[in-house]
Amino acid sequence: MYSTGIINAFSRLAVNNVFVPTRNISSSAPLGLNVTNVLFAEPLKKKKKMDPAIIRAKEERRKRKLEKFIRKLQKHAQQLKPIFEMEVPMSLKQELGIRKRDLPALTTETLEERAALFKEWNKYKTKQHYQTLRLIDRYMFAQDKAISELKEVSEELYEAAIQIDPDLLPYSRKGPLNTAPIEDFEAPDGDYQDVTKKYEGET
């Protein structure tokens, strides 16, 4: 056992009432002032009760309006938009009696002669068509034979022969023009008025 004298001697060396600073570490969010979001709202208004008769009258008016619009569409569904360029002027309609020509009736001999000429013309055109086809076939066969023989003679001449000739069928045109063009003419810009006629039922 230790001696009590030694313990008392060491106890005198102890430091009493010494302030030791401490540091506390916390992972929680610091306390502060929080502001809520601004809400632009107002108390709900009390819904007014409407008379069922008024609601029914509104529904009837809307129903009648829709039925009227449907009848209007059905009425003008088959109406075509006229094309003025294809209409006959009124002046020509009035002169129809003057411009009308009374052609004499064809006789039986004339009708038979025309039918015979028509048959002969059909035979001639059919024969001409077959002759043209045979001529084209003969030309194409001769061309293929000449190309194949040219390839055996010279490869360079063969490559030059099968190239497309842009000047084979030169074709250029200009016009037709209603009026002579004006040099350095600038089309004026400006407003225009739409004179398109609107017809009833057109959307």
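Helices here are DSSP runs of H or I with at least four residues, and strands are runs of E with at least two, numbered from the N terminus. The structure above is a predicted model, in which local features need pLDDT of at least 70 and side-chain atom pairs count only at pLDDT 80 or more, while totals for chains, interfaces and linings use all residues. Residues are numbered from 1 along each chain as its sequence is written, and side-chain values use heavy atoms, with hydrogens and water left out.

**The chain as a whole**

Let's start with the overall picture. The chain holds 6 helices and 0 strands, which gives the pattern α-α-α-α-α-α along the sequence. Of its 203 residues, 2% are buried; buried means under 20% relative accessible area, exposed means over 50%, and partly exposed lies in between (1.4 Å probe, protein chains only). The chain exposes about 22800 Å², and carbon and sulfur atoms supply 58% of that area. Such areas come from the Shrake-Rupley method with a 1.4 Å probe, and for residues only the protein chains shown count as cover.

**Salt bridges**

Side chains of opposite charge can pair when their charged atoms come close. With a salt bridge taken as a side-chain nitrogen of Lys or Arg within 4 Å of a carboxyl oxygen of Asp or Glu, the count is 2. Both are listed here.

| Salt bridge | N to O distance | Relative accessible area |
|---|---|---|
| Glu 59 and Arg 62 | 2.9 Å | Glu 59: 42%; Arg 62: 52% |
| Arg 99 and Glu 95 | 3.1 Å | Arg 99: 54%; Glu 95: 31% |

Glu 59 and Arg 62 sit in helix α2, and because they are 3 residues apart, about one helical turn separates them. Glu 59 is partly exposed, whereas Arg 62 is exposed.

**Along helix α5**

Helix α5 covers residues 108-153 and contains both Trp 121 and Tyr 124, which are 3 residues apart, or about one turn of the helix. A pair of aromatic rings is described by the distance of the centres and the angle of the planes. Rings of Phe, Tyr and Trp (its six-membered ring) pair if their centres lie within 6.5 Å; planes under 30 degrees apart count as stacked, over 60 as edge-to-face and the rest as tilted. Searching the whole structure gives 1 aromatic pair. That pair is Trp 121 with Tyr 124, tilted, at 5.8 Å centre to centre and 40° between the planes. Tyr 124 is partly exposed, at 47% relative accessibility.

Thr 110 also belongs to helix α5, and its relative accessible area of 26% makes it partly exposed. Its side chain makes a polar contact with the side chain of Thr 107, at 2.8 Å. A polar contact is a pair of N or O atoms within 3.5 Å; within protein, one must be able to donate a hydrogen and the other to accept it, and residues adjacent in sequence count only if both atoms are side-chain atoms.

**A nonpolar patch and a positive phi**

Met 50, Ile 54 and Ile 55 make a nonpolar surface patch of about 260 Å². Patches are made of residues with over 30% relative accessible area and no salt bridge, joined within 9 Å for like charges and within 5 Å for nonpolar side chains (Val, Leu, Ile, Met, Phe, Trp, Tyr). Met 50 lies in the loop between α1 (4-11) and α2 (52-75), and is partly exposed at 45% relative accessibility.

Finally, look at Asp 184, in the segment after α6 (155-161). Its phi is near 55°, a positive value in a residue other than glycine. Asp 184 is exposed, with a relative accessible area of 79%.
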